[in-house]
Amino acid sequence: MSLLEVKNLQVRVEEREILHGLTLTVNAGEVHAIMGPNGSGKSTLSHVIAGKPGYEVTGGEILFKGEDLLAMPPDERAAKGVFLAFQYPVEIPGVATMTFLRTALNAQRKARGEGEYSTPDFLKKVREVASSLNIPQDMLRRGVNVGFSGGEKKRNEVLQMALFQPSLCILDEMDSGLDIDALRVAADGVNALRTPERAMVVITHYQRLLDYIVPDIVHVMSKGRVVKSGGKELALELEASGYAQFEDAA
Amino acid sequence: MNLVLAKTETGKALSDIFAIARNRLPGAGKVAGVRQQAFEAYERAGLPNRRVEEWKYTDLRVLMREVLPLAAAPDAVALKRARVAVQLHAVEDASKLVLVDGVLVPELSDLTKLEAGVSVKTLRATLEDASNDARSDLLLTDTTDAMISLNAALATDGVVIGIADGAALSRPIQIIHVATAPSASAFTRSYLKVGHGARATLVENFVAADGARSHQVNDAVIVWIGDGADLSQVRLMDDGTDAVNITSGIFTVGAKAKLNLFNMFSGGAVGRFQGFVTLNGEGTELSINGVNLLRGKQHGDMTLVVDHAVPNCVSREIFRAVVDDRAHSVFQGRINVRPKAQKTDARMMTRALLLSDEAEADNKPELEIFADDVACGHGATTGALDDSLLFYLRARGLSENEAQALLIQAFVGEAIEQIASDALREQVTATAQRWLEARR
């Protein structure tokens, strides 16, 4: 059984169809890259998998570990192991990062019928991961993402990924707004999480990110469909020739 | 016309209530004369209604309809019920002063265990002390507010607290108002004088004993804060579900002093706290903050008047309302800056969170500035929870209720975090959390 199966997915936003029959299969242990021009539907796909309101699925299905993902509310998807690293992580004033992390982790564990983490274990775990990502301790005391730089926000997403240990990570334009050093730190964090049990879907506009997170499979999206799939060399090909050829294909 | 206004719904004239109550009200002679005048002032105005500017959003003729007869002095059964309520709300280490149905109850209070530098007398004893020529002054205030006039006319008891110059109290003083009587009213009036350079914390609770129904509370606290003094005050209006609670605070603050005041309304059908603060000495810092947590058909009103009478004072006001169902929140904040009050720094921010389409919030900031070298500002917002924040939290595993609760807590936290005492801040946070949990 594949970890994620997206079959002939059709999605509308306010009467406009964005995805026109998208199919994608991701197995455990694989890293997939989804590339494509702006407006091709990459972010829509990531939002629909995570369960963001405002999207109307008019056809097709998404199975996660064989279960109907579209029937689950977003929090249930998270507890089952779906993690979306946001392109633009939101700022939540007044909710300390530490409180947020603990509330989220315990909510997920509770939904899975697991016991809550004890406070010392939790603090130890967070500190360990944070220091490996160069996240200073004082950032954890501040409001979630409040006053964080672009790089810090993305590292905070990776921190959550490391803490929640999801089986499917979707990284939505992780490289946007990051300089090369910040990108490297975030990518190292992601690479450390690659395991035979975990799959990743890396959504990006640029090939650059894939120098740091090297994919097994690359998909090209255009106009709401996957128009070509191949190995990591496909990304280099795109870098050289651009997306124009695929826009015609779609 | 005024006589009609002063009649109750049952047709019994309020003057009858006053006449019946009179022999129970402490203080004869001059005191009784002042009460009579105060009652007449009330009768001329009647219950505040929407045609009175200050009460525009809290029309007591609609919300309260009538003034109920004074509660009887509590009997042994009432005191037993009150004791349970007191235990639930007592703050750790506090010197408790407990007023049950408008009467101070020594056996529930810590009158004999007061800290050095603190003196407490009952209002009743003070008004009846014939050797005290100034006793009738206790019922006088500058305000023309009808509910404060009615309070002066009908106050049965209260506490008169003195804190000696330079006394730095280590324990809070806690006034707990407990209602036990059904369909009755309690009128209380208290005084607090914080001496020069003294430091104190005052907690006030308004609660109902189990089984108390449809009661009315009218309380007034008159506070003087001396030069260099520091007062932290936390008021928790967590009264019975169908109670009407109208309370007033009148503050006169000296120079280089600090007043940190927090009010939260979370229980009661109708509640209004009206605070009148006059900054009378330079270099004083004022921080007034409040939270309304409203659901069902609750009506909560916080009305503040801050008067910068002298130069070089700072005032900060942060107010947060969370309004669910068909509830109605009101915030009125008036800042007066008198002509000579140069270098005034006054800011006020009020925000309301509407959790239902039928919830209502009225924010009315008013600035009257007569000095030209000042920094004054105010802001008001009303809105729903931010969908993008809710989705982020849900994508991390929080249920809809958990996500909302976390965001609401953060929202009210901005006002609660202004509370100076760690212990009280935690207690208020816990009260807000309980309110949120009851939503689920």
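In strand E16 of chain B, Val337(B) is the bridge partner of His308(B). Strand E16 covers residues 328-337, runs parallel to strand E14 of chain B and is joined to E14(B) by 10 bridges; two strands count as paired if DSSP finds at least two bridges between them. Helices (H or I, at least four residues) and strands (E, at least two) are DSSP runs, numbered from the N terminus. The model is a predicted one, in which local features need pLDDT of at least 70 and side-chain atom pairs count only at pLDDT 80 or more, while totals for chains, interfaces and linings use all residues. Residues are numbered from 1 along each chain as its sequence is written, and chains are lettered from A and ligands numbered from 1 in the order in which they are written.

E14(B) spans residues 299-308 and is mostly covered, with nine of its 10 residues buried. Here a residue is buried if 20 or more other C-beta atoms lie within 10 Å of its own, exposed if 12 or fewer, and partly exposed in between, with C-beta atoms placed from the backbone. E14(B) also pairs with strand E12 (residues 270-279) of chain B, in the parallel sense and over 10 bridges. Phe276(B) has Val305(B) as its bridge partner in E14(B).

Nine strands of chain B make an open sheet with mixed pairing, in the order E3-E4-E6-E8-E10-E12-E14-E16-E18. Strand E3 (118-122) and strand E18 (360-369) of chain B each have a single partner strand, so one side of each is left without a neighbour in the sheet. From one strand to the next, the twist averages 10°.

The axis of helix H3 (residues 30-45) of chain B comes within 8 Å of that of H7(B), and the two cross at roughly 150°. In this pair, Val34(B), Phe39(B) and Tyr42(B) are among the residues of H3(B) that meet residues of H7(B), including Ser149(B) and Leu150(B); two residues are in contact if their C-beta atoms, placed from the backbone, lie within 7 Å. By class, this contact of H3(B) with H7(B) holds 10 nonpolar, one polar and one charged residues. Ala, Val, Leu, Ile, Met, Phe, Trp, Tyr, Cys and Pro count as nonpolar, Asp, Glu, Lys and Arg as charged, and the others, Gly among them, as polar.

Chain A comes next. Its secondary structure amounts to 10 helices and 12 strands. The radius of gyration of chain A is 18 Å, close to the 18 Å that the globule rule gives for 250 residues, so chain A is as compact as a globular protein of that length; the radius is taken over C-alpha atoms, and the rule is 2.2 Å times the number of residues to the power 0.38. Of the 250 residues in chain A, 42% are buried.

Six strands of chain A form an open sheet with mixed pairing, ordered E6-E9-E10-E3-E11-E12. At its edges are strand E6 (82-85) and strand E12 (225-230) of chain A, each pairing on one side only. E6(A) runs parallel to strand E9 (residues 168-172) of chain A, with four bridges joining them, and Leu84(A) stands opposite Ile170(A) in E9(A).

Elsewhere in chain A, strand E1 (residues 4-13) and strand E4 (residues 56-64) pair in the antiparallel sense over seven bridges, and Glu61(A) in E4(A) is the bridge partner of Lys7(A). E4(A) also pairs with strand E5 (residues 67-68) of chain A, antiparallel and over two bridges. E4(A) and E5(A) form a hairpin with two residues between them, and Lys65(A) in the turn has a positive phi of about 50°.

Finally, the two chains touch, in a contact that takes 20 residues from chain A and 16 residues from chain B. Helix H8 (387-395) and helix H9 (400-416) of chain B each supply at least two residues of the side of chain B that touches chain A. That side of chain B divides into eight nonpolar, four polar and four charged residues.

Definitions and conventions
Axes are lines fitted to C-alpha atoms, for helices over the stretch in contact, and angles run from 0 to 180 degrees between N-to-C directions.
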